[in-house]
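Here is a short briefing to read beside your viewer.

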Amino acid sequence: MSYLYRKIASNPLCSVSRVLRGYPIVFVPSRLCANSNVPPLDQPIVKLPPPPPGVVEHVKWTRDHHETQVTTLENGIRVASEESFGQFSTVGVVIDAGSRYEVDCPAGITHVLEKLAFQSTARFPNQDDILQILEPVGGMADCTSFRDAIVYGTSTFTSGVPMAMEVLSEGILYPNISEQEVEEQKMTVQFELENLEFKLDPEPLLTDMIHAAAYRDNTLGLPKLCPPDSLGKINVKEIIQFLQRYYLPSRMVVTGVNVDHEQLIDLTRQYFVNKKPTWMADEDVVIKPPDKSIAQYTGGIIKEHLNEPRINPGPSPLPELAHISIGLESCPYVDEDFFAFTVLNTLMGGGGSFSAGGPGKGMYSRLYLNVLNRYHWIYSATAFHHSYADSGMFCIHASTHPSRVHDLAQVIIREYFSLASGLISESEVARAKKQLQSMLMMNLESRIIVFEDIGRQVLGLGERRTAKDLYDCIEAVTIDDIKRVSSRMLSTNPSVAAFGNLSMLPKFESFQQAFANKGVFPGKSLFFNFRRV
């Protein structure tokens with residue numbers, strides 16, 4: 001190997017590009033190999049004999065592979081599953097019971113319910129018993145609440161699916177919700193809220209605030225994070241009433257990945273159909289029907305002013321930052337413009353000013369090229385698209401020093417209007433589509449993501465669209481679609497959320513006038529006269 005390397009590297013036209021396993025590897029230009037026995041690396045090998053029989057195994061893939069099967073049982077609960085490969089399986093339950101339904105009960109119940117999941121149940125006296133019974137089958141259990149759903153999930157060896165289904169039914173239908181457990185989990189929630197104050201990027205807090213501004217006091221605007229003043233109002237009675245109203249079989253989807261569909265149906269009947277929940281009310285008790293309010297986008301502003309910068313107990317102090325989010329109404333996920341908005345979200349991209357990486361991390365997105373790379377005083381800028389069954393919102397979160405908040409607002413609004421003004425190239429739309437398609441396919445390699453995708457699609461759409469359907473819908477998005485949906489959202493009332501020292505934040509009327517005047521703030525703008533790069 002060393003002799004071959006010396007012979008090749010002695011040619012001045014060759015260059016060593018990398019070292020692999022300790023040996024120098026060189027790339028030889030094809031023109032140097034024209035009169036030699038070494039085949040060029042940039043051309044196919046001619047007259048290559050076929051492999052011997054049996055070396056290559058051809059697998060015929062049919063439409064049945066990775067097809068999601070959905071069955072509705074007699075009590076209304078839906079069972080959805082998909083075959084996969086490997087030794088592990090993921091099963092869980094997706095419930096239509098998120099924070100958007102807390103309109104007439106104490107805010108934050110779903111946040112506390114998330115922490116109460118898989119505590120003591122009718123069979124298991126405490127959480128340790130659940131963990132001990134899952135440990136032999138390599139299992140784990142978790143629960144996450146969202147604005148529109150609550151997801152209970154477990155992952156185990158394939159042989160442990162029956163045990164996982166029993167744990168799920170115990171945690172959902174037969175919990176022992178005691179006052180002591182509720183108080184303990186409320187303390188956990190309080191600690192989580194306090195911990196947000198010490199994070200450099202308070203993205204969960206800012207997301208809650210922008211939703212509250214966009215959907216004032218209704219549905220999606222209700223807080224996902226439990227407000228501190230609401231902790232004292234949450235008790236066992238309120239939690240039980242919430243379970244009785246929203247934990248109904250017709251609002252549940254039992255989902256499995258890498259499980260047999262018929263086995264999952266039998267286990268669902270055994271654990272979710274043939275037994276009554278412990279929290280079910282007596283027949284003579286009147287239970288309120290589930291809330292069916294439709295999200296009403298209002299727009300507006302929510303802000304939290306801090307006179308002093310946050311204190312970081314760690315070794316390095318936090319930089320003093322003000323965070324701002326500007327949002328506009330987009331569309332629900334059943335809308336025909338949904339995929340155009342998802343491509344627009346990828347096209348805008350963004351992140352932190354100190355992010356490292358290449359195009360795969362979005363370094364060619366508009367918020368990197370036009371914002372973070374041009375203005376050193378902007379700490380971060382990221383686009384988000386939140387879409388639900390009845391509404392949606394497109395927003396940009398950004399942060400800077402409090403003295404530059406006014407300038408930051410102008411930069412963000414200018415980026416919004418550059419989308420509808422025709423300053424979009426075919427290449428960046430094509431790049432955004434390919435990046436989104438790549439992320440879609442890579443994410444579907446994860447069993448956990450496939451599990452949630454199946455449950456959410458069946459819960460929201462009644463079926464699951466295949467990855468090829470989604471891929472084709474993304475591919476069909478054109479540059480005209482991007483411009484059209486940009487103009488569509490720019491015609492809505494803006495929503496603004498701000499957190500930090502906001503002494504330099506413009507008034508909400510200024511934001512409204514800026515959107516009405518195609519991005520121009522009222523009055524003279526010294527920023528664009530002297531500081532524009």
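Gly351 stands opposite Ala381, a residue of strand S12. This is a predicted model, in which local features need pLDDT of at least 70 and side-chain atom pairs count only at pLDDT 80 or more, while totals for chains, interfaces and linings use all residues. Residues are numbered from 1 along each chain as its sequence is written, and side-chain values use heavy atoms, with hydrogens and water left out.

**The sheet**
- S11 and S12 (residues 378-387) pair in the antiparallel sense over three bridges; strands (E, at least two residues) and helices (H or I, at least four) are DSSP runs numbered from the N terminus, and pairing takes at least two DSSP bridges.
- Six strands make up an open, mixed sheet in the order S9-S14-S10-S13-S12-S11.
- At the edges are S9 (300-305) and S11 (350-352), each pairing on one side only.

**Helix on the sheet**
- H11 packs on the sheet and touches S10, S12 and S13, where contact means heavy atoms within 4.5 Å.
- The direction of H11 makes about 30 degrees with that of S10; axes are lines fitted to C-alpha atoms, for helices over the stretch in contact, and angles run from 0 to 180 degrees between N-to-C directions.

**The core**
- The largest nonpolar core has 56 residues, and Ile324, Leu344, Met348, Phe394, Tyr416 and Phe511 touch the most other members.
- Such a core joins buried Ala, Val, Leu, Ile, Met, Phe, Trp, Tyr and Cys residues through side-chain atoms within 4.5 Å; buried means under 20% relative accessible area (1.4 Å probe, protein chains only).
- Among the residues that Leu344 touches are Phe394, Leu419 and Met489.

Technical notes: Buried means under 20% relative accessible area, exposed over 50%, partly exposed in between (1.4 Å probe, protein chains only). Lists of a residue's contacts leave out its neighbours within four places in sequence.
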